[in-house]
Amino acid sequence: MKPFDYTRADDLQTAQRALHEGGTVIAGGTNLIDLMKLEVMTPGAVVDISRLDLNDIRDHDGGLYIGAMVTNSDLAADLRVRRDYPVLSRALLAGASGQLRNKATTGGNLLQRTRCPYFYDRDTSCNKRTPGSGCAAIGGELRNHAILGTSDDCVALHPSDMAVALRVLDAQVEIESLDGTRHLRPLDDFYRLPGTTPHIETSLEPGDIITAVVLPKPTGGQQSYRKIRDRASYAFALVSIASVINARDGKIENIALAFGGIGARPWRDTRVEDMMRGQTVDDQLIQKAGDLLLSDARLLEGLEFKADLVHRLLSSTLTEAVQ
Amino acid sequence: MKISMTVNGKTMSGEAEGRTLLSTFLREELGLTGTHIGCDTSQCGACTVHVDGKQVKSCTMFAAEADGAEVATIEGQANADGTLNKVQQAFQDHHGLQCGFCTPGMVMAAVSLLETNAKPSEAEIREHLQGNICRCTGYHNIVKAIMAASGQEVPAVAAE
């Protein structure tokens with residue numbers, strides 16, 4: 001690992017100034033430290049924000065305010081989360097391992113990098129790692145890559161389980177700018193699609209820092225998180241679905257679906273939800289929903305299997321919701 | 001920089017660079033080589049220790065992050081009279097190890113499980129161990145050892 005200057009931030013402004021000057025902050029460090037070991041990321045300055053007072057979960061406008069430093073373990077175990085937002089608890093527990101969830105934070109999870117193997121291999125080209133160098137994944141071995149929101153420059157997948165649940169719950173990210181003002185940003189505006197600049201992953205400006213994630217008032221409905229992966233534990237999603245569904249007599253009254261394992265960012269397609277609202281769940285509707293979701297999908301060689309998994313996972317999710 | 005922490009109840013300090021991992025600091029600066037470094041990439045869990053009461057992978061943490069923290073390692077697990085604690089003893093009794101490389105991490109993970117779940121089911125044990133890799137035992141005897149350490153009957157485990 002390249003040497004760097006380590007400092008511990010006593011206040012948010014110290015961390016923001018360091019970010020503004022090109023430094024990196026470390027929260028849980030569960031992804032950052034691995035990237036630094038591999039020298040994929042080589043920050044000259046690392047500011048530790050783990051002791052800043054950003055680790056409370058409190059009631060907020062009927063919803064929940066989750067500090068950026070709340071660990072994945074604490075968030076998954078919170079009684080309000082388990083009662084009102086069980087999809088979030090399940091998504092968190094479907095990710096990583098106990099040791100990592102004890103370290104990983106809410107804000108850090110949102111900013112984790114893709115697990116595309118070419119991004120981690122410095123002997124190959126990667127537009128995310130070295131802008132303009134090309135993408136070795138396209139034409140290479142593809143498996144844990146995206147099929148939606150990709151570009152000719154990048155097919156990297158957003159790996160988070162937590163963010164998929166946050167997307168289905170209409171969570172917003174609270175961001176503090178360098179001038180001290182705070183504002184809320186929906187997840188879709190927070191994450192940028194790769195386009196021709198895959199190295200720019202979020203809409204954060206230099207000096208911006210995530211201070212919290214805010215959940216709206218719970219909507220009720222049946223919530224679930226289903227994740228298909230290569231092995232039953234400690235693996236990233238090949239395809240996952242976070243769902244919140246209100247159904248009556250086999251008919252969908254309201255539905256929200258977010259997908260992991262397929263998108264350049266946690267994926268949600270309101271066209272699919274609009275199409276299903278008021279409809280009776282049957283094989284035809286499930287097929288139509290999957291087809292609509294995947295109508296813009298780019299199924300490069302090696303990724304065709306994801307289309308089948310999406311259809312099957314939609315089928316089990318919708319069938320269970322109306323039972 | 002100088003780093004101090006309470007390790008197994010004793011205040012200890014040493015020198016670290018910013019990039020010094022907690023696992024390296026424990027082994028090379030404090031001489032506590034019971035914490036093993038297996039993969040060094042957050043995968044295998046051999047380096048599991050407890051920091052402020054929670055199990056973490058010490059290769060996934062800078063020593064500086066643990067400055068001032070309470071750290072527990074495998075060296076602090078035996079009873080005061082030097083006998084093995086109940087988890088360690090159960091690993092011995094049930095042959096929960098072969099080469100032994102993963103064992104310090106397995107024991108620290110198991111101790112952490114039993115602190116929050118005194119009578120875990122077999123499924124809960126297996127789920128809890130998702131961050132610890134063993135390449136010898138196939139996990140069966142590790143699961144049995146943890147069942148035994150929690151004072152439960154040791155049945156034939158799944159897939160056996």
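User: Taking contact to mean heavy atoms within 4.5 Å, which residues does Leu314(A) touch, not counting residues up to four places away in sequence?

Analyst: The model is a predicted one, and Leu314(A) is among the residues with the most contacts inside its largest nonpolar core. Once residues up to four places away in sequence are not counted, the residues that Leu314(A) touches are Ile241(A), Leu257(A), Phe259(A), Ile286(A), Ala289(A) and Gly290(A).

User: Is the aromatic pair of Phe4(A) and Phe62(B) stacked, tilted or edge-to-face?

Analyst: Planes under 30 degrees apart count as stacked and those over 60 as edge-to-face, while the rest count as tilted. The ring centres of Phe4(A) and Phe62(B) lie 5.3 Å apart and their planes stand at 55 degrees, so the pair is tilted.

User: Where do Phe4(A) and Phe62(B) lie, and what does their pair join?

Analyst: Phe4(A) counts as buried at 9% relative accessibility, and Phe62(B) is buried as well, with a relative accessible area of 0%. Phe4(A) is found in the segment before strand 1 (5–8) of chain A, whereas Phe62(B) belongs to the loop between strand 4 (54–57) and strand 5 (70–72) of chain B, so the pair joins two chains.

User: Which strands stand at the edges of the open sheet of 5 strands in chain A?

Analyst: The strands of this sheet follow the order 4-5-8-6-7, with antiparallel pairing. Two of them have a single partner strand each, so one side of each is left without a neighbour in the sheet, and these are strand 4 (57–60) and strand 7 (182–186) of chain A.

User: Over how many bridges do strand 6 and strand 8 of chain A pair?

Analyst: Glu176(A) stands opposite Ile209(A), which is in strand 8 of chain A. Helix 1 (residues 12–20) of chain A packs on the sheet and touches strand 6, strand 7 and strand 8. Strand 6 (residues 172–176) and strand 8 (residues 209–215) pair in the antiparallel sense, and the count is 5 bridges.

Note on methods
Residues numbered from 1 in each chain as written. Chains lettered and ligands numbered in written order. Predicted model: local features only at pLDDT ≥ 70, side-chain atom pairs only at ≥ 80, totals over all residues. Heavy atoms only, no water. Core = buried A, V, L, I, M, F, W, Y, C linked by side-chain atoms within 4.5 Å. Buried < 20%, exposed > 50% of the residue type's maximum accessible area, 1.4 Å probe, protein only. Contact = heavy atoms within 4.5 Å. Phe/Tyr/Trp six-rings, centres within 6.5 Å; stacked < 30°, edge-to-face > 60°. Helix = DSSP H or I, 4+ residues; strand = E, 2+ residues; numbered from the N terminus. Pairing = 2+ DSSP bridges. Axes fitted to C-alpha atoms, helices over the stretch in contact; angles between N-to-C directions.
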